[in-house]
Amino acid sequence: QVQLVESGGGLVQPGGSLRLSCVASGFTFSSSTMSWYRQAPGKERELVATISSTERITNYADSLKGRFTISRDNAKKTVYLQMNSLKPEDTAVYYCYRPLSAYWGQGTQVTVSS
């Protein structure tokens, strides 16, 4: 059974940082491209970042490039999202996603507020 379990969300002040984790099971993680998406209230779910399975090639939403970093640890079957210089507009539920199987995690809430 495919499982994606996100963690690391929470409340952070503007300018702060968080690192999200997604622990995967039920498939060959090391050969799977992985992504992070987010969905803010009243908005469509949007792609945040993607990392490939081979040479860890990364891709980011243009508006987030430079602040967010996606990485992976295949031994731990985990994909990370390091979020720096957070802004209130980054407030959203962040989801881990495996494109090949179109499988979503349950999400973790990130709230950026003073």
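A polar contact is a pair of N or O atoms within 3.5 Å; within protein, one must be able to donate a hydrogen and the other to accept it, and residues adjacent in sequence count only if both atoms are side-chain atoms. The model is predicted: local features need pLDDT of at least 70, side-chain atom pairs count only at pLDDT 80 or more, and totals for chains, interfaces and linings use all residues. Residues are numbered from 1 along each chain as its sequence is written, and side-chain values use heavy atoms, with hydrogens and water left out.

**View 1. Polar contacts of the R72 side chain.** A polar atom of the R72 side chain lies 2.6 Å from the backbone oxygen of F29. The backbone oxygen of S32 is reached by the R72 side chain at 2.8 Å. R72 is buried (under 20% relative accessible area, with exposed over 50% and partly exposed in between; 1.4 Å probe, protein chains only). Leaving aside neighbours within four places in sequence, R72 is in contact (heavy atoms within 4.5 Å) with residues including M34, I51, R56, T78, V79 and Y80.

View 2. Helices (H or I, at least four residues) and strands (E, at least two) are DSSP runs, numbered from the N terminus. R72 belongs to strand β7. Strands pair if DSSP finds at least two bridges between them; β7 and β8 do so in the antiparallel sense over six bridges. I70 stands opposite L81 of β8. Four residues lie between the strands of this hairpin, where K77 takes a positive phi near 55 degrees.

**View 3. The largest nonpolar core.** A nonpolar core is a set of buried Ala, Val, Leu, Ile, Met, Phe, Trp, Tyr and Cys residues joined through side-chain atoms within 4.5 Å. The largest one has 29 residues, and W36, V79, L81, M83 and Y94 have the most contacts inside it. Elements giving two or more residues to this core include β3 (18-25), β4 (34-39), β8 (78-83) and β9 (92-98). β3 gives the most, with four residues. Not counting residues up to four places away in sequence, M83 touches G16, S17, L18, L20, R67, F68, Y94 and V110.

**View 4. Strand β1 against β3.** β1 (residues 3-7) has a covered face, L4 and E6, and an uncovered one, Q3, V5 and S7. β1 and β3 pair in the antiparallel sense over five bridges, with E6 opposite C22 in β3.

View 5. S85, in the loop between β8 and β9, has a positive phi of about 50 degrees although it is not a glycine. S85 counts as partly exposed because its relative accessibility is 42%. A102, also not a glycine, has a positive phi of about 55 degrees; A102 is found in the loop between β9 and β10 (103-104). With 45% relative accessibility, A102 is partly exposed. T28 is in the loop between β3 and β4 and, at 48%, is partly exposed. The C-alpha atoms of T28 and N74 are 9.6 Å apart, the residues being 46 apart along the chain.

Technical notes
Lys, Arg positive; Asp, Glu negative; His and termini not counted. Salt bridge = Lys/Arg side-chain N within 4 Å of Asp/Glu carboxyl O.
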